[in-house]
Amino acid sequence: MSTDAAAATVRTSIEVEAPIERAFRVFTDEFGTFKPPEHNLLQAELAETIFEPRVGGYLYDRGVDGSECRWARVLAYEPPHRVLLSWEISPQWQLESDPEHASEWEVRFIAETPDHTRVELEHRNLDRHGAGWEGVREGVAGDDGWPLYLRRYADRVTQGR
């Protein structure tokens, strides 16, 4: 059985008033400042979210008790133009241990002018999650998914000007 690739993909974008280098740096270095703290799978209260800026690095949450939840792996890291990560969260909103069942999300940074950057996010291959993948699509596409992250990200970029 095959799934239409478009149905298994979520796309969203935002424009920020910042040079491409700053737009990229805020997204990667400050990811934890705009990620909603309630968006985590930890049993403990969230202390921080860490983005390891290298291929093979992780995007993970750390609890106040020191516990960690590695929910994304960096697959490509190309400053200041692109970052590609795995999405290792199942349709049951639990960690996915099988990389074959992980989707991918790519963030591209496009300089529109020297001080204006378009940020495009594409979350694809959602059907790799197997049964219930449509719920993941609905979650990341909904108002509390990637659109919320990008709005909070844009606010963070603006605050730092």
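1. Over the ring of which residue does the charged end of R70 sit, 4.8 Å from its centre? The ring is that of Y60, and R70 also lies over the face of Y58, at 4.8 Å from the ring centre. A charge is taken to sit over a ring if NZ of Lys or CZ of Arg is within 6 Å of the ring centre and within 35 degrees of the ring normal.

2. A word on the basis of these points: this is a predicted model, in which local features need pLDDT of at least 70 and side-chain atom pairs count only at pLDDT 80 or more, while totals for chains, interfaces and linings use all residues. Residues are numbered from 1 along each chain as its sequence is written, and side-chain values use heavy atoms, with hydrogens and water left out.

3. Helices (H or I, at least four residues) and strands (E, at least two) are DSSP runs, numbered from the N terminus.

4. Both F24 and F109 are buried, a term that means under 20% relative accessible area, with exposed over 50% and partly exposed in between (1.4 Å probe, protein chains only). F27 and Y153 form another edge-to-face aromatic pair, 5.4 Å centre to centre with 75° between the planes. Because F27 lies in helix 1 and Y153 in helix 4, this pair ties together parts that are 126 residues apart in sequence. F27 is buried, with a relative accessible area of 1%, and Y153 counts as buried at 0%.

5. Helix 4 has 14 residues and reaches 20 Å from its first C-alpha to its last, close to the 20 Å expected at 1.5 Å a residue, where the expected span is 1.5 Å times one less than the number of residues. Its buried residues include W146, L148, Y149 and L150.

6. Strand 4 (68-78), helix 3 (133-141) and helix 4 (146-159) each supply at least two residues of the lining of the largest pocket.

Note on methods:
Rings of Phe, Tyr and Trp (its six-membered ring) pair if their centres lie within 6.5 Å; planes under 30 degrees apart count as stacked, over 60 as edge-to-face and the rest as tilted.
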